[in-house]
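This report describes a protein chain together with its ligand. Please keep the sequence and the structure in view while reading.

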Amino acid sequence: MARYKIALIGGGQIGGNLALIAAEKELGDIVIFDIPKMEGIVKGKALDIMQLRPHDGYDVNINGTSDYKDIEGSDVIVITAGIPRKPGMDREDLMSINLDIMKDVAKNVKEYAPDSFVIVISNPLDAMVYTFYKVSGFSKNNVVGMAGALDSGRFRTFIAMETGYSVQDITCMVLGGHGDSMVPITRLATVGGVPLTDIVSAERLTEIEDRTRFAGGEIVKLLGNGSAYYAPAQCAMEMAESYLKDKKRVIPCAALCEGEFGIDGYFIGVPTVIGCGGVEKILEIKLNADERSMLNNTLDVVKKTVSETCL
Ligand code: APR
């Protein structure tokens, strides 16, 4: 069987790490695409990762390009094209610039990789994934936004830091939009099956939820120039791997809801099953009144952001 092909649209901070992780997981050959002005940089990154091969032993090829023809026939596309958040900017400030970029990317992906599974990372995520879906005309199963995996991972990290227990044994999910209105479902979080609410006080849990909501901004402030890139890249590659290997992992992702959770026509963070059919299923859970009200609130925020796309 021929190797899979993975194209990364945007070869900046996240793009470079996506290439590295995809190579280390030996998921397939990798193309890093960026605009002509960045061609030298993506070619350089590709060569550098190629030269890691003898040490790590992975047999995949990595190429940098600014020619969309090179993404032809890709199985997976991961989009980070756009500009990242700068200090003082919220995700919505990025809208007008990244919207035009996403429309251009969607047209080209449709032309050169019409059967691919597409993972969108560019912010504002909820609007960008919607834009890709609308402009490309792809099926809803083949378009997904990476957000919930990262937000849930951040929540898990802060719980591990709080309790001192292994992050591996912490399960939890964060639903809703990828912004400050996200909804951590703390009630269902466990540490090795033990309810988190039995281990950590309600007061501390509220603080951890708040830190999770603003975790992206915390990193933006610390970096001073750009936004998080290691964890976002890892999360997207876990999603790509679940698709390529038909693992059917259950991952919170921004998927198109058509009635699930009472939401219709919007991409929003929900528990999804990712396998060879792309987003194969959305798993619904019974929400309590508080969670339902938070989900309604985050949906209003997502609706407002999406309305700004004018699509
Ligand atoms: N087509 C392809 N790539 C583009 C285009 C375009 N039309 N316009 C810009 N890019 C490229 C930039 O040249 C840059 O290399 O997208 C890349 C973005 O990389 P970074 O600026 O390093 O940003 P990064 O940290 O990788 O984040 C990318 O993900 O999390 C989000 O908010 C973040 O929207 C941002 C995106």
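## The surroundings of T190

The backbone nitrogen of G193 lies 3.5 Å from a polar atom in the side chain of T190. The side chain of T190 also forms a polar contact of 2.8 Å with the side chain of T171. A polar contact is a pair of N or O atoms within 3.5 Å; within protein, one must be able to donate a hydrogen and the other to accept it, and residues adjacent in sequence count only if both atoms are side-chain atoms. The model is predicted: local features need pLDDT of at least 70 and side-chain atom pairs pLDDT 80 or more, while totals for chains, interfaces and linings use all residues. Residues are numbered from 1 along each chain as its sequence is written, and side-chain values use heavy atoms, with hydrogens and water left out.

T190 belongs to strand β10, residues 190-191. Helices (H or I, at least four residues) and strands (E, at least two) are DSSP runs, numbered from the N terminus. Apart from neighbours within four places in sequence, T190 is in contact (heavy atoms within 4.5 Å) with D169, I170, T171, P195 and L196. The C-alpha atom of T190 is 6.7 Å from that of C172, although the two residues are 18 apart along the chain.

## The ligand and its shell

Which residues come nearest to the ligand? Among the 19 residues around the ligand, these are Q13, I14, D34, T80 and N123; a residue counts as near if one of its heavy atoms lies within 4 Å. The shell consists of nine nonpolar, nine polar and one charged residue. Here Ala, Val, Leu, Ile, Met, Phe, Trp, Tyr, Cys and Pro count as nonpolar, Asp, Glu, Lys and Arg as charged, and the others, Gly among them, as polar.

An N or O atom in the side chain of D34 is 2.6 Å from an oxygen atom of the ligand. Backbone atoms take part as well: a polar one of N123 lies 3.0 Å from a ligand oxygen, and an N or O atom of G82 lies 3.3 Å from one. The elements that give two or more residues to the shell are α1 (13-24) and α4 (95-112).

## Two backbone features

Most residues other than glycine have a negative phi, and most peptide bonds are trans. The bond from N123 to P124 is cis, with omega near -5°. P124 is in the loop between β5 (117-120) and α5 (125-136). E26, a residue other than glycine, has a positive phi near 55° and lies in the loop between α1 and β2 (29-33).

## Two domains

An automatic or database assignment divides the chain into domain 1 (5-145) and domain 2 (148-307). Their centres, taken over C-alpha atoms, are 22 Å apart. In domain 1, 38 residues are in contact with 38 residues of domain 2.
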